[in-house]
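Let us walk through this structure step by step.

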Amino acid sequence: MNTIRVSASRPYDVLVGRGLLEKTGGLAAGIVAPCKAAVISDDTVFRLHGLSAVRSLEAAGFSVTALTFPAGEASKNLATYGRILNHLAADHFTRSDLIVALGGGVTGDLAGFVAATYLRGVSYIQIPTTLLAAVDSSVGGKTAVDLDAGKNLVGAFYQPSLVICDPDTLSTLPREVFRDGCAEVIKYGVLGNRTFFEELETTPAEEQLEHVISVCVEMKRDVVQADEFDRGERQKLNLGHSFGHAIEKISAFTVSHGSAVAMGMAMIARAAENLGFCAPAEAERITALLARYGLPTEIPYGAEDLYQAARSDKKIGANAIQLVVPDGIGRCHLEKVPVADLPRWLAAGGAK
Ligand code: NAD
Ligand code: GLY
């Protein structure tokens with residue numbers, strides 16, 4: 001087992017190791033005395049892995065309530081959030097009780113926001129069960145739900161008290177969901193770790209899962225410690241996401257997040273090459289690695305659609321968008337691009 005300490009406003013450990021799910025109860029008892037525990041999970045994940053977590057918590061003395069919701073992003077909304085809060089209140093959960101988020105990024109974000117706001121904050125544990133959640137969303141304390149106006153528009157920074165990551169839980173993931181997570185894994189290599197990028201080139205991620213998750217979590221830990229509240233350095237984690245969000249939006253979210261991030265990463269690598277930031281051979285290696293992991297690198301949308309989608313992103317400033325630009329494999333910088341200059345970047349990225 002690998003233990004990664006995150007020294008954020010609330011310090012906590014991220015535990016990465018096979019078989020940890022069955023030890024959830026004992027590990028939870030290490031951070032809070034046995035109490036009421038609400039296991040929040042989507043119906044798919046709960047069917048596959050819920051019982052292991054519940055049994056282990058009960059064996060350690062916790063009194064467990066399972067709260068499930070239909071799998072998928074459509075559940076990450078105010079209605080599900082409100083329903084869960086009402087359940088907790090009806091069950092008389094107090095501030096000394098525990099929330100356990102068992103699932104992918106949707107569950108982690110939703111349950112984390114419940115934990116951040118119920119009674120102004122209760123302790124919670126993240127148990128990520130997708131690769132994306134393991135390497136990204138379960139660490140760093142960003143919690144949120146979606147509004148009709150857009151994704152993640154209401155939320156809070158609220159760090160978990162513990163993250164339990166059992167790579168065995170990923171064995172039940174559909175191939176395409178695992179592949180989506182690989183886009184985020186490759187992102188870390190491009191962003192700041194050339195050696196790791198080369199490891200991904202030589203050995204498939206699924207053959208070195210514990211190592212891959214640990215490296216990504218350590219990198220995310222460093223970014224979160226440097227900029228917990230997303231005022232600068234943390235924005236680098238958005239590599240591939242600015243154009244990726246535009247692609248997701250144009251597709252009406254029929255293109256998965258991982259596919260959109262992969263396309264966005266290929267696009268910004270090409271733009272970086274054409275605008276003189278990144279050597280052509282480096283940009284080609286980035287695109288080639290994405291393709292080797294079965295991720296798309298060609299953009300099925302035109303420059304005008306991408307421009308309109310990118311400029312209407314509710315999270316960008318009125319006049320400029322912050323792009324994360326690769327200077328080479330393992331090195332990126334933040335570039336504040338005026339909205340008026342976006343078409344040049346999109347064209348350089350291959351948009352027609
Ligand atoms: P998800 O949670 O919807 O999981 C994807 C699908 O996989 C779901 O259908 C789920 O039921 C299924 N699944 C999960 N674990 C499984 C398992 N072990 N076996 C079989 N099926 C399983 O989506 P996701 O891709 O994990 O996360 C996407 C969400 O994460 C988005 O809402 C995004 O906004 C958020 N996110 C948050 C952060 C953050 O820092 N908080 C970072 C990145 C993404
Ligand atoms: N996933 C982006 C962040 O945590 O900041």
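Strand β1 (residues 2-6) runs antiparallel to strand β2 (residues 12-16), and five bridges join them. Strands here are DSSP runs of E with at least two residues, helices are runs of H or I with at least four, and both are numbered from the N terminus. Two strands pair if DSSP finds at least two bridges between them. Within this pair, I4 faces V14 of β2. Five residues lie between β1 and β2, and the two strands form a hairpin. In a regular strand, side chains alternate between the two faces of the sheet.

A word on the model itself. It is predicted: local features need pLDDT of at least 70, side-chain atom pairs count only at pLDDT 80 or more, and totals for chains, interfaces and linings use all residues. Residues are numbered from 1 along each chain as its sequence is written, chains are lettered from A and ligands numbered from 1 in the order in which they are written, and side-chain values use heavy atoms, with hydrogens and water left out.

Now find ligand 1. Which residues come nearest to it? Of the 26 residues around ligand 1, they are E73, G105, T129, T130 and T172. A residue counts as near if one of its heavy atoms lies within 4 Å. Helix α2 (43-59), α4 (105-117), α5 (131-137) and strand β8 (150-157) each give at least two residues to this shell. The largest share, four residues, is from α2. By class, the shell holds eight nonpolar, ten polar and eight charged residues. Nonpolar means Ala, Val, Leu, Ile, Met, Phe, Trp, Tyr, Cys and Pro; charged means Asp, Glu, Lys and Arg; the others, Gly among them, are polar.

Look at the polar side-chain atoms next. One in E73 lies 2.6 Å from an oxygen atom of ligand 1. One in D42 lies 2.8 Å from an oxygen atom of ligand 1. One in K76 also lies 2.8 Å from an oxygen atom of that ligand. Alone, ligand 1 exposes 870 Å², and the protein buries 86% of that. Such areas come from the Shrake-Rupley method with a 1.4 Å probe.

Move on to ligand 2. Around it are D136, K142, K220, R234 and L237. Four of these are charged, one is nonpolar and none is polar. A polar side-chain atom of D136 lies 2.9 Å from a nitrogen atom of ligand 2. For K142, such an atom lies 2.8 Å from an oxygen atom of the ligand. In K220, a side-chain N or O atom is 2.5 Å from an oxygen atom of ligand 2. On its own, ligand 2 has 200 Å² of accessible area, and the protein covers 84% of that.

Technical notes
A polar contact is a pair of N or O atoms within 3.5 Å; within protein, one must be able to donate a hydrogen and the other to accept it, and residues adjacent in sequence count only if both atoms are side-chain atoms.
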